[in-house]
Amino acid sequence: MEEGGREACVPGFQVKNYQVAYNGPFLKDQPLIQVEFDDCAGNKNATFDASDPSFYVDADLNLAPQRDVVDCQPVLFIHGVSAHADDIAQVEITGLPLQVNTLRDIMRLEQRLPYRSKRSLYAPPMTVTENQRGPFPRVLGRVRNTQMWEGCWVPIHPLKSGGFVIRLKSFLIFNFFEKHFAFLCLDDQQIPFFLEVSTTDLAGNIAEGPVMLVITVIDQNDNRPIFKEAQYTGEVLEGSPTGTTVMTMTAFDADDPGTDNAALRYSIIRQSPNKPFPNMFHIDAERGDIVTVISPALLDRETLPTTTYELEIVAKDMAGSEVGLTGTATATITITDKNDHAPEFTHPLFEAHVPEGSTGVVINLSIDDRDDPATGAWRAIYSIISGDPTHSFEFQTNPDSNEGMLSVVKPLNYEATAFHTLLVKVENEDPLVPGVSYGPSSTVAVHVIVEDINEGPVFFPDPLHVTRNENIPVGSFVATLNATDPDTRTIQSIRYAILRDPAGWLGVNPVRGTVNTSAALDRESPYVHDNKYTALFVAVDNGIPPASGTGTLIIHLEDFNDNAPYVVPSVAQVCEDAHDMNVAIVGGWDKDLPPNAAPFKIELGKQPGLDKTWKVSRVNATHSQIMLLQSLKKANYQLPLLITDSGMPPLSNNTEVKVQVCICKKNKKICSSAHSHFSSLLVMLATLLLVLLFLIITSLFC
């Protein structure tokens, strides 16, 4: 079986037996059936012959009459031949009319013979050579009876398909097969035909027999040896011992395997190329095994003129005699590689120049390896033996050139180390064969020279954290920046500048790096996050070209009581009836932090008479409650309140809360949407002053 479970192609007829129904005369050129023939090589130049010359096989493999056929034999044979196949198929024609007159003519039966009571038949074994030529019929032998009599005819009933007719009186056995169709050796064996012979009267009654008649077909050498494939491939490892089997060639012969007709002998008739000598390989004449003849020392892939040799193989039957038939095939043998050459560096020393601070590939190390490219015996692995304690270097192998690519994976510092010496070795992926080892040329030194680059100043610490109070005077000292130049082998000056100051609160001395306030620091500013203000500074040296570095200053701002508290919410609701549960809750809010915020003190404003209608009492450190002491009608009232924080000194704030007096019914409040009543005396006085001012202005213009 071939790969995937698909059956291998067998040259010849793919279907051996066919049937055609006779429904009347066969018309000329009218296809009867289509046969299936495949020589597994495209059927090029295939030819077909029918046992009955009245029929032929057309180009589409259709069996058709050469002329209008009224009667024919019940069995036809089709012979198909090409350069790769030689086979026969059988066609049975059913429904033919009984042709008694024709049978009588053939047997020359003139009258019915009288009945004899004592008779016996004798059918001696007979032989016939396949592929006999006409004319037909041809006498094969005689069937005898002990008492010769006339008036009977002897039918033969084959147990296997045959083409025989027995003639009356002399009982001659005729072979009606025409051309070379008779008794082709099937299944590569002599096939005896077993026939039952008996005598019957014309009424069909058995008079004698039956007896068994055996006809043996003698094979002829009419089939060439055929290789299953036209092209075979094999490989042998270089340095293999003489006599190493490379591959086996197998051909098949359809003739009788018990005779020399199928006895095959193999030989090599051509080797290409024929160097270093023409007989590098030998084939076992009987088994077809191809073995090496060349010595292991000469079977060297790297010194041979080619790594692929082509052999033309001939298989000859008749045990290889001169009269034998032949078949040919090609064997392609590849000399495969083994790791018998160690890689060697092409130079005794490699040198690379690397700018400090850079990374990436800095040099490619080239090697020479005479083994087969793209194999494990050729592919190289590079490693650093010494000289890299900080693991700043790394090797990778170029898959195309096999070169070792040395890369810097950690930036190098010129001021720390300006020169590195690496000891590098190279090995193959596959181990070397015994007797071959890595030599001194498989190790090399690599000098890496670090080039100085003007590096930017470095801030330390970065970030710089300081703590300052908010609202310190403008010009106050905040911090001193510290940036140093890593180029220690040169003397360079550094100047400072502000790169980012979101609120514009800072200034820096360009030479000394001192930072002072240029505006008030405000912890409550939107530029302050989590009590921290962040600014970014830059330091620039005077190198050529100049280099710069950045540093971060983080100012932690401490709170100062600079924000007065206020009351929230600005609107509260109470019911119109005065009682202890009729209260509204308000709280204090301060932008400052404790202890400059809560606890808050919330109380009524200083206007007289408020305490008769309203009462404010403390609930906790941040909240108080407003209580209505007298019933008021539904309306909105502006209630003045005074709130004070706990800072030192404390800050106070006069504020007003709109109190909505609502009608409360079953958990439902009906509140007024009109303007508030002014309970504040200050508001009433302001109104009177506005009226008085209006009167004065009016009198002046009258």
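## A buried tyrosine to start

Let's begin with Tyr-533, which counts as buried because its relative accessibility is 1%. Here buried means under 20% relative accessible area and exposed means over 50%, with partly exposed in between; the probe is 1.4 Å and only protein chains are considered.

Please keep in mind that this is a predicted model, in which local features need pLDDT of at least 70 and side-chain atom pairs count only at pLDDT 80 or more, while totals for chains, interfaces and linings use all residues. Residues are numbered from 1 along each chain as its sequence is written, and side-chain values use heavy atoms, with hydrogens and water left out.

## The chain as a whole

The chain contains 55 strands and 3 helices. Both kinds of element are DSSP runs numbered from the N terminus: helices are H or I with at least four residues, strands are E with at least two. Of its 702 residues, 40% are classed as buried.

Among contacts with a separation of 6 or more, 67% are between residues 24 or more positions apart; a contact means heavy atoms within 4.5 Å.

## A strand with two faces

In a regular strand, side chains alternate between the two faces of the sheet. Strand E2, residues 17–21, has a covered face made of Tyr-18 and Val-20, and an uncovered face with Asn-17, Gln-19 and Ala-21.

Which strand is joined to E2 by 5 bridges? The partner is strand E9 (residues 86–94), and the two run parallel. Strands pair if DSSP finds at least two bridges between them. Val-20, on the covered face of E2, has Ile-93 of E9 as its bridge partner.

## Three disulfides

A disulfide is a covalent bond between the sulfur atoms of two cysteines; in this model a pair is assigned when the sulfur atoms are within 2.5 Å. The structure holds 3 of them, and with the bonded cysteines numbered in sequence order the pairing reads 1-2, 3-5, 4-6.

Cys-9 is bonded to Cys-40, with 1.8 Å from S to S. This pair links distant parts of the chain, 31 residues apart: Cys-9 sits in the segment before strand E1 (12–13), Cys-40 in the loop between strand E4 (37–38) and strand E5 (47–50). The S-S torsion is about -85 degrees, so the disulfide of Cys-9 and Cys-40 is left-handed. Cys-9 is partly exposed at a relative accessible area of 37%, and Cys-40 is partly exposed at 35%.

## The two later bonds

The sulfur atoms of Cys-575 and Cys-664 lie 1.9 Å apart in a disulfide. This bond also links distant parts of the chain, from Cys-575 in strand E47 (residues 571–575) to Cys-664 in strand E53 (residues 652–665), 89 residues apart. The link of Cys-575 and Cys-664 is left-handed, with -95 degrees about the S-S bond. Cys-575 is buried at 16% relative accessibility, whereas Cys-664 is partly exposed at 31%.

Cys-662 and Cys-671 are joined as well, their sulfur atoms 1.9 Å apart. Left-handed or right-handed: what is the disulfide of Cys-662 and Cys-671? It is right-handed, because the torsion about the S-S bond is about 100 degrees. Cys-662 is buried at 0% relative accessibility, while Cys-671 is partly exposed at 26%.

A pair of aromatic rings is described by the distance of the centres and the angle of the planes. Here rings of Phe, Tyr and Trp (its six-membered ring) pair if their centres lie within 6.5 Å; planes under 30 degrees apart count as stacked, over 60 as edge-to-face and the rest as tilted. The structure holds 14 such pairs. One of them brings together Phe-345 and Phe-350, whose ring centres are 6.2 Å apart with planes at 65 degrees, so the pair is edge-to-face. Phe-345 and Phe-350 are both buried.

Tyr-533 returns here, in a tilted pair with Trp-505: the centres are 4.6 Å apart and the planes are at 35 degrees. Trp-505 lies in the loop between strand E41 (494–500) and strand E42 (506–508), and Tyr-533 in strand E44 (residues 532–541), so the pair ties together parts 28 residues apart in sequence. Trp-505 is buried too, with a relative accessible area of 7%. Elsewhere, ring pairs link Phe-345, Phe-350, Tyr-382 and Phe-395 into a cluster.
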